[in-house]
Amino acid sequence: MSKRRNNDHLPISDIIKDFVDTNRLQTGLDKVNVQDAWAQMMGNGVNNYTTAVQLERDILYVQLSSSVLREELSYGKDKIITMLNEAIGKEVIKKLVLR
């Protein structure tokens with residue numbers, strides 16, 4: 001006899017959220033979401049010079065192969081952080097480090 005659960009009628013989004021929370025997967029998902037957001041927002045011009053995008057806690061490390069581009073992006077760090085957090089839908093990034 002199968003056990004009936006009281007959450008048979010939950011929306012799939014709630015079930016997935018519970019699964020993610022239970023298995024502590026949110027950090028990994030945030031890392032992937034940040035990488036995707038960087039690629040989409042920055043476009044091919046910047047992506048061609050981006051060699052690594054890594055989220056550690058609330059710091060986003062972006063490695064660039066162009067020192068000129070790194071200098072240009074450094075002027076707009078706050079705006080980039082805001083745009084990426086908005087694209088992700090929550091405040092994941094508090095600091096941006098360009099290398």
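**Helices and strands as named in these views.** Helices here are DSSP runs of H or I with at least four residues, strands are runs of E with at least two, and both are numbered from the N terminus. In this predicted model, Met 42 accordingly belongs to helix 2, which covers residues 26–47.

**View 1. The whole protein chain.** The protein chain holds four helices and three strands, and along the sequence these follow the pattern α-α-β-β-α-α-β. Of the 99 residues in the protein chain, 26% are buried, while the accessible surface amounts to about 7400 Å², with 49% of that area belonging to carbon and sulfur atoms. Among contacts between residues at least 6 apart in sequence, 52% join residues at least 24 apart.

View 2. Leaving aside residues up to four places away in sequence, Met 42 touches Asn 47, Leu 73 and Ile 80. Met 42 and Leu 84 are separated by 42 residues in sequence, and their C-alpha atoms are 9.8 Å apart in space.

View 3. Three strands make up an open sheet with mixed pairing, arranged in the order 1-2-3. Strand 1 (50–56) and strand 3 (95–98) stand at the edges, and because each has a single partner strand, one side of each is left without a neighbour in the sheet. On average, and with direction ignored, neighbouring strands of this sheet are turned by 15 degrees against each other.

**View 4. Strand 2 beside strand 3, with helix 4 across them.** Strand 2, formed by residues 59–64, pairs with strand 3 in the parallel sense over four bridges. Tyr 61 stands opposite Val 97, a residue of strand 3. Helix 4 lies across both strand 2 and strand 3, and runs at about 120 degrees to strand 3.

**View 5. Asn 85 in helix 4.** Asn 85 is placed in helix 4, which comprises residues 77–88. Asn 85 counts as buried because its relative accessibility is 11%. The side chain of Asn 85 reaches the backbone nitrogen of Val 92 at 3.0 Å.

Methods: Residues numbered from 1 in each chain as written. Predicted model: local features only at pLDDT ≥ 70, side-chain atom pairs only at ≥ 80, totals over all residues. Heavy atoms only, no water. Buried < 20%, exposed > 50% of the residue type's maximum accessible area, 1.4 Å probe, protein only. Polar contact = N/O pair within 3.5 Å; in protein donor to acceptor, adjacent residues only side chain to side chain. Pairing = 2+ DSSP bridges. Axes fitted to C-alpha atoms, helices over the stretch in contact; angles between N-to-C directions. Contact = heavy atoms within 4.5 Å. Areas by Shrake-Rupley, 256 points an atom, 1.4 Å probe, with all protein chains shown as cover.
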